[in-house]
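Let's take a walk through this model, one piece at a time. Have the viewer open and follow along.

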Amino acid sequence: MGPPQAESALRDALARGADKAILLTDRRFAGADTLATSYTLASAIKKIGDFDLVICGEKTVDGDTGQVGPEVAEFLGIPHVAYVSEIKEHSKNWLVVISEMGEEYHVIRIKFPGLITVTKNINVPRLPSLQDKLKARKSKIEIWNADDLSNTADINRFGMKASPTQVYRITIPSVEGRQGKVFKGMPEKVAKELADELQKILKGEK
Amino acid sequence: MSEYRGVMVFAEQEDGEIHPVSYELLGKGREIADRLGVELSCVLLGFEMKKKANELIFYGADKVFLYDHPSLKEFDVVRYKQNIVKLVKEEKPEILLLGATHLGRSLGPRIAAALNTGLTADCIDLKVDEKGNLIQIRPAFSGNILAHIKTKTRPQMATVRYKVMRRMERDESRKGKIIKMEAEVIEESGLELLNKEKVSEVNITEAEIIVSGGRGLKKPDDFNILRELAGLLGGVVASSRPLVDEGWIGREHQVGFSGNIVHPKLYIACGISGSPQHLAGMRDSDVIVAINSDPSAPIFKVADYCVIGDLYEVVPKLIDEIRKRKW
């Protein structure tokens, strides 16, 4: 889902191994927050119909929310595993994946149909050959607009007006210059003074 | 919308231990609930968690909805979501908060989608406007701006970053109610936890104390000096980007915009000049100590303690001093 120029990202995906690409583009999709975005993507996936696995990136680099994957899974009514860094085993009916859960890894079997969100550790993207690139350039990319999703979606739930969260203000974080206490002179003296301060900090007195 | 009332916090547990972010959420939740004149409730899912539920009251909850069932012992996003969504539909809190942990950021969006409500990720501050709406403040565009966000729907949901909110003093005399809930048991969620493993490699984002080295280091082995200091302080070693690019230390140790963003209690920068990309990764640390021989190094602008001197002289002396004091 994106503006018409997002087509180039899809051509790249085709060159790297996708068989088919669909671009969801319509002014009515614009300004969507994660909820409306997820709803739109889930509606398109429903329209595609039969699928085993949905793979999403963990998060975008601009919004950085990581919410779209799990929200799509909920709208599709399927299980999901987030933060997948490795696929250990796969069969016709399930995957065994490693999910990075902070201080622990969870090894999880997820049944199809399911959704995973993957971290950048999942793999190194393959490099497209020249032939792949040429083929991708000639491939047809399907374009779907809001009306094309009317069988699987309520078209009033797209875009900005269907987005519950709204940024109403932007501020620049004050880069608080700190009033640093300066230590200089003989290393022994400095080390002693610094050790005094560290001791206070670590004992929670500061 | 007025039928929604109260603040609810999701209490996260792993292996039967409450995640500390839950106490921080209760601290902030208490503040907001008092401001709005409403109740602060908490939802806890797990198995044999009764005792731990009391802790949530000691840290500020008026009410704990406890789902105690073997099927909820381990995190299963489908089972957790199902029970919480049902509770939220009945209780109708106006605000629902989760920790912006891996678990919270996987669970929160599912709950929000099921309730068809807005969710703001990774907040660093929460406020209430004059009409009682929740103001959710989060960094955007790699922390270069702060977005202030309001939610049109109810409940207003947010995940909140770990280690930014203050927990209340634990108070055993606090009174509250633990309400035992009948868990909805989903036999087949499509997910099966086969195994859990502790992450062995260092996770510097979780470290409370970081000793970090930069271009002031002369050779790779000199990281050992910093390792020794870090070891004494119970911390970990990190690095600025150039040394990682040189291959002197692994990328998992890199602090900065393109590496890890850290906010430990104590950050000791040794021989780091303080490029904007490095500062973006560490300037929110509680206390920053900078050791650098160049008094004009930008790192000193964000430091609480500015040591102007050669790290090769100061750090070994500091190590001696700490050893002498036997902390």
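**Around strand E6 of chain B**

Start in chain B, where strand E1 (residues 7–11) runs parallel to E6(B) and is joined to it by three bridges. To find one of these contacts on screen, pick Val7(B): its bridge partner in E6(B) is Ile95(B). Keep in mind as you look around that this is a predicted model.

E6(B) also pairs with strand E11 (residues 156–160) of chain B, again in the parallel sense, and here there are five bridges. A handy landmark for this pairing is Leu98(B), which stands opposite Thr159(B) in E11(B).

Now, how many of the residues of E6(B) are buried? Five of the five residues in this strand, which spans 95–99, count as buried, so the rest of the structure largely encloses E6(B). In a regular strand, side chains alternate between the two faces of the sheet. Here, Ile95(B), Leu97(B) and Gly99(B) point one way from E6(B), while Leu96(B) and Leu98(B) point the other way, and all are buried. For burial, the cut-off is under 20% relative accessible area.

Staying in chain B, move along to strand E15 (residues 236–239), where you'll find Ser239(B). Is Ser239(B) buried or exposed? Its relative accessible area is 0%, so Ser239(B) is buried. What is Ser239(B) in contact with, once its neighbours within four places in sequence are left aside? The list includes Ser212(B), Gly213(B) and Phe223(B), along with Val244(B) and Ile249(B). His253(B), Gln254(B), Val255(B) and His278(B) are also in contact with Ser239(B).

Next, zoom out and switch to chain A. It has five helices and nine strands, and from the N terminus on they run α-β-α-β-α-β-β-β-β-α-β-β-β-α. Chain A has a radius of gyration of 24 Å, well over the 17 Å that the globule rule gives for 206 residues, so this chain is more spread out than a compact globule. Along the principal axes, its C-alpha atoms fill a box of roughly 75 × 45 × 40 Å.

Among contacts in chain A with a separation of 6 or more, 64% come from residues 24 or more positions apart. The accessible surface of chain A is about 11700 Å², and carbon and sulfur atoms account for 52% of that. As for charges, chain A carries 30 positive and 28 negative ones, and their mean positions are 4 Å apart.

Technical notes. Residues are numbered from 1 along each chain as its sequence is written. Chains are lettered from A and ligands numbered from 1 in the order in which they are written. This is a predicted model: local features need pLDDT of at least 70, side-chain atom pairs count only at pLDDT 80 or more; totals for chains, interfaces and linings use all residues. Side-chain values use heavy atoms; hydrogens and water are left out. Helices (H or I, at least four residues) and strands (E, at least two) are DSSP runs, numbered from the N terminus. The radius of gyration is taken over C-alpha atoms; the globule rule is 2.2 Å times the number of residues to the power 0.38. Contact means heavy atoms within 4.5 Å. Accessible areas come from the Shrake-Rupley method with a 1.4 Å probe; for residues, only the protein chains shown count as cover. Lys and Arg count as positive and Asp and Glu as negative; His and the chain ends are not counted. The place of a charge is taken as NZ of Lys, CZ of Arg, CG of Asp or CD of Glu. Buried means under 20% relative accessible area, exposed over 50%, partly exposed in between (1.4 Å probe, protein chains only). Two strands pair if DSSP finds at least two bridges between them.
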